[in-house]
Amino acid sequence: MAFDIDMIKTVYADFSSKVSAARKVLNRPMALTEKILYAHLAEKNIKSFTRGADYVEFNPDRVAMQDATAQMALLQFMQAGKKKVSVPSTVHCDHLIQAKLGATQDLKTAETTNKEVYDFLSSVSNKFGIGFWKPGAGIIHQVVLENYAFPGGMMIGTDSHTVNAGGLGMVAIGVGGADAVDVMAGMPWELKFPKLIGVKLTGRLNGWTSAKDVILKVAGILTVKGGTGCILEYFGEGAQTISCTGKGTICNMGAEIGATTSIFGYDTKMGDYLRNTDRSEIADEADKLIDHLNADPEVYDQPKKYFDEVIEINLSELEPHINGPFTPDLATPLSEFANIVKENGWPEKLEVGLIGSCTNSSYEDLTRAASVAQQAIDKNLKVKSEYTVTPGSEQVRYTAERDGLLETFEKIGGVVLANACGPCIGQWARHGAEKQEKNSIMTSFNRNFAKRNDGNPNTHGFVASPEITTAFAIAGKLTFNPITDALENTKGEKVKLEEPKGIELPVIGFSVKDRGYQAPAEDGSKITISVNPASDRLQLLEPFEPWQGKDLTGMRLLIKAKGKCTTDHISMAGPWLKYRGHLDNISNNLLIGAVNSFNNKTNSIKNQLTGNYQEVPAAARYYKKNKIGTIVVGDENYGEGSSREHAAMEPRFLGVKAVLVRSFARIHETNLKKQGMLALTFVNKDDYNKIREDDVIDILGLKDFAPGSLLTVVLKHIDGTSEQFKVNHTYNQNQIEWYYAGSALNLIRAKQNK
């Protein structure tokens, strides 16, 4: 069944003329990314936008939200004064299910534990015309790929891995909830026009190498911030040999290099996937536009002329990679991995292998992993590590069960978990994690920051493909190489694993009894939404205060964060997910994972008013109670990782007035702006070192706040001396209005009430 087919036909009907009009203005061949962006401009007057400089307004085709972020997004949308969403929108219940015992038991527990939240999301969706995917239906990105993504479309989603839909030729971008509110309310959505990185793929994947290894390799090349402000466009004859879901895997992990999104051009692989997921009508329409749903030939013939950067990878020569630990861009070829493990003293014993997640849970992924698992059975090998499997959707799970794949995993001791995020986002009740012992795990997930999966800072998380993860789980050690090494079976024989075999799409098609979809009411006007004031899970929002019309003076330093400070450090997931709809409660995790540069400890900062060291949220609340503003100082790529806007709303709620860093990750900087916060960067990055623990801090120049202007930071040291320096910002005039109004939502509500 094709959702929103009329909307898609409208996009396609206008696509050719919009691209042609843009090409005339640009007066040059266009990349696919440019075609889709220009075809979705909010402004009718087309001009040539400068990549990496111009802010541009777009009209995305749809919005998707997962349950953890949807709570805050919908709480904000309820304040916007709208009767119904303006574009097709969906909510997906995938984040709040904790992995502990197995799919059936864990789902039942989640439905009981999270009933209040699920009922809230269901009723709000019903009222405002939003499609609702129930708990167990699947992970948002896999469900979107199976049901909503379409070539040439543009969507935003309140999850950083929304970019997964690029595997089906869509410009899909992760955003904060406030951005989703804009689009659902019928407002244009703003983005700095991205730079373009072209990734040329030649050759063909073979043997143990899979699509996952392409992005693991790219992550090693570009690092966690090398894609910031850029869209990666994959092309070349090698790209056309990769399955649609394989393309999705590659695009999915583009979030780990900071990319705005990633995309592939439309080809027969995408057409096959559309037809196999009951969307032949979309494939037929896309076939008619295939030239427009790819870059102009000149772009791919001379990529260095049209892209800002070009990377070339020969798939025939690419070998499997394993990335980590503690960062997804530490890429090591399989042939070198054993030596690297020994050199670094990483725990060689592999405790757990985990496959699935939004990154690698397609039918093809499961068949390749199952082909390795079956060898363990056939060759009498005892699996040495614990092993878990997370299907991406109920459709994939049901089909995999029908075809015997899940039974194969269970025969080697595998535990099939619910169709949800689970261990990938810290929703894993891992036994023994509380001991915080040094250990190693391997996953086919996307992120492996410290404490990410199980809350243990000493868990060394490594990222690989499902088939490599399965092979390592069988061997039980990180020094194993399935290409070259033999294993001893239960009969004392030496046996080798053969290369995996995969099936791109199920031979007899996908099958499912209940997808878990709830269509919204035709008329939601009579539906009432109630939130219990005593609830510890949900809390109605109060608008943030607008700017007071003066400079920020007398602020205290809340924390000067040292090194990597991701959204996981700013607002942890795991057990804190249950408070995602309650701003006051979840603010108790503010920056508890950030390292204080003055004592190298986490969640231990000096309260300047008392002189005592205390937890970050407690100090923030103390300053707020005493009506003293605070400032957060950070290092490079501050706020990398998830799209969670809680990392911006929490400091705003607890009285932080500004965040000053060496550099920002894209989504987090936007989230701060949306919530009426000052997001600033050092002109001279070494000025970071000037900030002392007891400083009183002023920010001057706000009365003349303007695009391109500099502000001044004044540090008043405890020894009576002072110094000052200039700081940058990237606010345009519209974003400055957000700041003056107190938040973007305040501005929307004011316009709605006029």
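Student: Why is R275 called partly exposed?
Tutor: In this predicted model, R275 has 33% relative accessibility. Buried means under 20% and exposed over 50%, so R275 counts as partly exposed.

Student: What makes the pair of D284 and R275 a salt bridge?
Tutor: The closest N and O atoms of D284 and R275 are 2.8 Å apart. The cut-off is 4 Å, between a side-chain nitrogen of Lys or Arg and a carboxyl oxygen of Asp or Glu, so the pair counts as a salt bridge. Side chains of opposite charge can pair when their charged atoms come close.

Student: Is D284 buried, exposed or partly exposed, and how do you know?
Tutor: D284 has a relative accessible area of 38%. That value falls between the limits of 20% and 50%, so D284 is partly exposed.

Student: Which residues of helix α10 are buried, and what do they pack against?
Tutor: Helix α10 covers residues 268-276, and its buried residues are K269, M270, G271, Y273 and L274. They pack against α6 (140-147), α9 (244-252), β10 (261-264) and α11 (280-288).

Student: What caps the N-terminal end of α10?
Tutor: D267 does: one of its side-chain oxygens lies 3.2 Å from the backbone nitrogen of K269. Just after α10, D278 takes a positive phi of about 60°.

Student: Why is T277 called buried?
Tutor: The relative accessible area of T277 is 3%. Buried means under 20%, so T277 qualifies. Its place is in the loop between α10 and α11.

Student: What is T277 in contact with, leaving aside its neighbours within four places in sequence?
Tutor: Those residues are M1, E146, Q395 and F510. The side chain of T277 also makes a polar contact with the side chain of R279, at 2.9 Å.

Student: How do you know that R644 and D568 form a salt bridge?
Tutor: Their side chains meet at 2.7 Å, N to O, and the limit is 4 Å, so the pair qualifies. The pair links distant parts of the chain, 76 residues apart: R644 is in the loop between β25 (630-634) and α22 (646-653), while D568 is in helix α19. R644 and D568 are buried.

Student: What makes D635 and R662 a salt bridge?
Tutor: Their closest N and O atoms are 3.0 Å apart, against a limit of 4 Å, so they count as a salt bridge. D635 lies in the loop between β25 and α22, and R662 in the loop between β26 (656-661) and α23 (666-674), 27 residues apart. Both D635 and R662 are buried.

Student: How many salt bridges does the structure hold?
Tutor: There are 37 salt bridges. R28, E34, R51 and D308 are linked in a network of them.

Student: How many aromatic pairs are there in the whole structure?
Tutor: The search finds 28 aromatic pairs.

Student: Why is the pair of Y38 and F49 called tilted?
Tutor: The ring centres are 5.8 Å apart, and the planes stand at 35°. Stacked needs under 30 degrees and edge-to-face over 60, so the pair is tilted. Both Y38 and F49 are buried.

Student: What makes K624 sit over the ring of F653?
Tutor: The charged end of K624 is 4.0 Å from the centre of the F653 ring. The distance limit is 6 Å, and the charge must also lie within 35 degrees of the ring normal. K624 counts as sitting over that ring.

Note on methods
Residues numbered from 1 in each chain as written. Predicted model: local features only at pLDDT ≥ 70, side-chain atom pairs only at ≥ 80, totals over all residues. Heavy atoms only, no water. Buried < 20%, exposed > 50% of the residue type's maximum accessible area, 1.4 Å probe, protein only. Helix = DSSP H or I, 4+ residues; strand = E, 2+ residues; numbered from the N terminus. Contact = heavy atoms within 4.5 Å. Polar contact = N/O pair within 3.5 Å; in protein donor to acceptor, adjacent residues only side chain to side chain. Phe/Tyr/Trp six-rings, centres within 6.5 Å; stacked < 30°, edge-to-face > 60°.
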